[in-house]
Amino acid sequence: MAQLWGGRFTEETDELVYRFNASISFDRRFFAQDIEGSIAHVIMLAKQNILTNEEKDTIVKGLSQIREDVESGKLAITEEYEDVHSFVEANLIQRIGDTGKKLHTGRSRNDQVALDMKLYTRIEILKTEELLEKLLHTLLSMMEEHLDTYMPGFTHLQKAQPITLAHHLGAYFEMFRRDFLRMGDIYGRMNYCPLGSGALAGTTYPLDRHYTASLLGFEGPTWNSMDSVSDRDYLIEYLSAAAMIMMHLSRFCEEIILWNSNEYGFVEIGDTYATGSSIMPQKKNPDIAELVRGKTGRVYGALMSLLTTMKGLPLAYNKDMQEDKELTFDAMDTVKGCLLLFEGMLGTMTFRKEVMAESAMKGFTNATDAADYLVGKGMPFRDAHTVIGRLVLYCIEKEKSIDGLTIEELKTISPMFESDVYDAISLKACVERRLTTGAPGREAMMGAIECYRKFLQECRQKMP
């Protein structure tokens, strides 16, 4: 059992206790970050004359060789070590001798693991941002393609007013745009270096924490050593943002699942992103959409788990915090996988424009416009609302749409109807007259698309 402590103890740790306490099975994931942080730490120690340049060069060379050997498969990270830190240090000492024992000067595992997790999470944020950006580009292309694809808009899952598919997709663009911006916010808040905080109270060595932070690409050092080793806010923020990404994906998947059903028939998912049935040969199931919807619960669970772990912990570090990793790693993998698969599925989908337009016409989605028509003729809106309510009831009884009624039938409901009503309540007119900012009319949508295009251009310029 390779561990970094033991002088205080006179008996070997029980094997079961050791295994329960060990974290090598999951913290091996940030092996590269542990090496990166250790190299920066040693370079700083030499700058401060805590180590000689010769010692620094020997340690850096040893660490670099360990990294190369692990990456090439020559050296395996095995579970004989308590954690990834003990793996690195034990192998370093084995290779370069007593000089390797100086690696941990002025450092604790508490600030070391805090650093490793921050370095790892920083990379994951950038990967998540990249996938979100790709999804936003796909959505924008679909919006440009479907500016004139009419469909019903819904409230309470009831047909409400006609919109375009571009407008509907734009709602999700807004959601994922907020998700993208949240990632940047988290990155900025967390980008301060905890290394040099020690176990909780700093160190007596004359460390240059600003220099270490700069070597590792941080904005600067953290300002309270107790908070530095016990802060997991950035992970909770990431998991909260990840939960919202999954919630948005899940809502979108729910609609795709509905649209793909025989009852709606709005969309056809490509064969490469659908599955069949082992018994029913006619089936083509939207399994990817269903799995993304289902995996949302995993990410929610990770968020609630870490919140629960942290809620009662006194300052500073507590072993409970080791529980921050497994579920966070799983959530990171889940979000990235879902974003990748979802974006791929979107690219295979074919929308049935005629079916969507017909659905909008059959659901009295132009009822509000019919009321607005009467208002334009001088009728108060509240009276117009009542009149159109009676008109819809008449249509239901006759199994007709509003624009399917004759002018004579319309006039029996209200003499204010004239032949120009048909142009006023056509699907195209109902959509195109909605020109306020954020509305589905073509002019308003073109303005929104131009803003989205500029947003994505600026995102590309700002990303590291």
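The legends below describe close-up views of a predicted model.

**View 1. The largest nonpolar core and the residues around L249.** The largest nonpolar core holds 95 residues, and among these F87 and L249 touch the most other members. Helix 10, which spans residues 233–260, supplies the largest share of this core, with 16 residues. When residues up to four places away in sequence are not counted, the contacts of L249 are L135, F176, V292, C338, L339 and F342.

**View 2. Helix 11 and what covers its buried residues.** Helix 11 runs over residues 287–310 and has 24 residues, and the distance from its first C-alpha to its last is 36 Å, close to the 34 Å expected at 1.5 Å a residue. The buried residues in this helix are I288, A289, V292, T296, V299, A302, L303, L306, T309 and M310. An α-helix has 3.6 residues a turn, so residues three or four places apart point the same way. The cover over the buried residues of helix 11 includes helix 9 (225–230), helix 10 and helix 12 (326–348). One of these buried residues, V292, is also among the residues that L249 touches.

**View 3. S197 in the loop between helix 7 and helix 8.** S197 is placed in the loop that joins helix 7 to helix 8, and S197 counts as buried because its relative accessibility is 1%, where the cut-off for buried is under 20%. Leaving aside neighbours within four places in sequence, S197 is in contact with D111, G202, R209, T222, S225, S228 and V229. S197 and T164 are separated by 33 residues in sequence, and their C-alpha atoms lie 55 Å apart in space.

**View 4. L200 and a nonpolar patch on the surface.** L200 also belongs to the loop between helix 7 (165–190) and helix 8 (209–215), but here the residue is partly exposed, with a relative accessible area of 37%. Together with M226 and L315, L200 forms a nonpolar patch on the surface, and the accessible area of the three residues together is about 260 Å².

View 5. S108 lies in the loop between helix 5 (84–96) and helix 6. S108 counts as buried because its relative accessibility is 14%, and its contacts, leaving aside neighbours within four places in sequence, are G198 and A199.

View 6. E124 is found in helix 6, which covers residues 109–145, and at 2% relative accessibility E124 counts as buried. Not counting residues up to four places away in sequence, E124 touches M332 and K336. In a salt bridge, the side chain of K134 meets that of E343 at 3.8 Å, N to O. This pair links distant parts of the chain, with K134 in helix 6 and E343 in helix 12, 209 residues apart. The two partners fall into separate classes of accessibility, since K134 counts as partly exposed at 43%, whereas E343 is buried at 12%.

View 7. Side chains of opposite charge can pair when their charged atoms come close. The side chains of R352 and E268 meet in a salt bridge with an N to O distance of 2.8 Å. The pair links distant parts of the chain, 84 residues apart: R352 lies in the loop between strand 4 (350–351) and helix 13 (353–362), and E268 lies in strand 3 (residues 267–268). Both partners are partly exposed, R352 at 32% relative accessibility and E268 at 31%. Through salt bridges that share partners, E268, D271, K284 and R352 are joined into one network.

**View 8. The salt bridge between K56 and D57.** The side chains of K56 and D57 meet in a salt bridge, at 3.6 Å from N to O. D57 counts as partly exposed, at 46% relative accessibility. The count for the model comes to 31 salt bridges, among them K56 with D57, K134 with E343 and R352 with E268.

Terms used:
Residues are numbered from 1 along each chain as its sequence is written. This is a predicted model: local features need pLDDT of at least 70, side-chain atom pairs count only at pLDDT 80 or more; totals for chains, interfaces and linings use all residues. Side-chain values use heavy atoms; hydrogens and water are left out. Patches are made of residues with over 30% relative accessible area and no salt bridge: like charges are joined within 9 Å, nonpolar side chains (Val, Leu, Ile, Met, Phe, Trp, Tyr) within 5 Å. Accessible areas come from the Shrake-Rupley method with a 1.4 Å probe; for residues, only the protein chains shown count as cover. A salt bridge is a side-chain nitrogen of Lys or Arg within 4 Å of a carboxyl oxygen of Asp or Glu. Helices (H or I, at least four residues) and strands (E, at least two) are DSSP runs, numbered from the N terminus. Buried means under 20% relative accessible area, exposed over 50%, partly exposed in between (1.4 Å probe, protein chains only). A nonpolar core is a set of buried Ala, Val, Leu, Ile, Met, Phe, Trp, Tyr and Cys residues joined through side-chain atoms within 4.5 Å. Contact means heavy atoms within 4.5 Å. The expected span of a helix is 1.5 Å times one less than its number of residues.
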